[in-house]
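Subject: Structure handover and findings

Hello,

Here is the structure for your files. Please open it next to this message. My notes come after it.

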Amino acid sequence: MAERPALSKGEMEIARALWELKHATVRDVFESFPASRGIDFTTVQTYLRRLEKKGYVNVKLDGRTRVYSPRIKPRTVIRETVDDLVDRLFAGETFPLMQHLIEDRQVSRADLDALKSLLDQLTEERDADD
């Protein structure tokens with residue numbers, strides 16, 4: 001599959017809104033943001049057009065109105081973004097990223113317990129495969 005251009009912070013914010021809405025007009029996306037966010041209607045429109053050009057959204061015409069829908073699933077964007085981050089910052093090594101997140105991002109005790117359970121489960125599965 002061809003590599004898509006990465007999303008800017010603003011594009012990612014608009015993409016998240018569209019993932020929540022499933023399909024939406026520019027106005028729908030614009031109105032999904034709280035007024036306190038201070039985003040302009042034309043900014044939303046520009047970001048949606050960029051997302052379309054980059055291949056992240058589909059567009060259908062409903063009369064003269066453009067209706068946007070996600071073309072790429074959030075999970076795919078997350079995977080591609082994290083893979084790019086790991087490659088650029090950690091030379092492809094995942095452990096330094098995990099270590100950073102655990103040590104520097106104030107991971108809660110509940111999350112640490114869940115992570116430990118996941119690691120135990122994965123260890124058991126891999127031991128069974130050997």
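The notes below go from the whole chain to single residues.

First, the ground rules. This is a predicted model: local features need pLDDT of at least 70, side-chain atom pairs count only at pLDDT 80 or more, and totals for chains, interfaces and linings use all residues. Residues are numbered from 1 along each chain as its sequence is written, and side-chain values use heavy atoms, with hydrogens and water left out.

**Whole chain**

The chain has six helices and two strands. Helices here are DSSP runs of H or I with at least four residues, strands are runs of E with at least two, and both are numbered from the N terminus. Their order from the N terminus is α-α-α-β-β-α-α-α. The chain is more spread out than a compact globule, because its radius of gyration is 19 Å, well over the 14 Å that the globule rule gives for 130 residues. That radius is taken over C-alpha atoms, and the rule is 2.2 Å times the number of residues to the power 0.38. Along the principal axes, the C-alpha atoms fill a box of roughly 60 × 35 × 25 Å.

Burial next. Of the 130 residues, 22% count as buried. Buried means under 20% relative accessible area, exposed means over 50%, and partly exposed lies in between (1.4 Å probe, protein chains only). The accessible surface of the chain is about 10000 Å², and carbon and sulfur atoms hold 51% of that. Areas come from the Shrake-Rupley method with a 1.4 Å probe; for residues, only the protein chains shown count as cover.

Contacts mean heavy atoms within 4.5 Å. Take the contacts in the chain with a separation of 6 or more: 47% of them join residues 24 or more positions apart.

On charge, there are 22 positive and 24 negative side chains, and the centres of the two sets lie 11 Å apart. Lys and Arg count as positive, Asp and Glu as negative; His and the chain ends are not counted. Each charge is placed at NZ of Lys, CZ of Arg, CG of Asp or CD of Glu.

H1 covers residues 9–21. Its 13 residues should span 18 Å at 1.5 Å a residue, and the end C-alpha atoms are 19 Å apart, which agrees. The expected span is 1.5 Å times one less than the number of residues.

Which residues of H1 are buried? They are Gly 10, Glu 11, Met 12, Ile 14, Ala 15, Ala 17, Leu 18 and Trp 19. Their cover includes helix H2 (26–31), helix H3 (41–54), strand S1 (57–62), strand S2 (65–70) and helix H4 (74–90).

Look at Glu 11 in H1. Its relative accessibility is 2%, so Glu 11 counts as buried. Beyond its neighbours within four places in sequence, Glu 11 contacts Ala 6, Tyr 47, Arg 50, Leu 51 and Lys 54.

Lys 22 is exposed, at 56% relative accessible area.

Thr 25 sits in the loop between H1 and H2. Buried or exposed? Thr 25 is buried, at 18% relative accessible area. Leaving aside neighbours within four places in sequence, Thr 25 touches Thr 65, Arg 66 and Val 67.

H4 has 17 residues. From first C-alpha to last, H4 reaches 23 Å, close to the 24 Å expected. Thr 76, Val 77 and Val 86 are buried in H4. The buried residues of H4 pack against H1 and H5.

Ala 91 follows H4, in the loop between H4 and helix H5 (95–104). Ala 91 has a positive phi of about 50 degrees, although it is not a glycine. At 69% relative accessibility, Ala 91 counts as exposed.

Ile 102 lies in H5. Ile 102 is partly exposed, at 38% relative accessibility. Not counting residues up to four places away in sequence, Ile 102 touches Val 107, Leu 112 and Leu 115. Ile 102 and Leu 115 are 13 residues apart in sequence, and their C-alpha atoms are 9.9 Å apart.

Best regards
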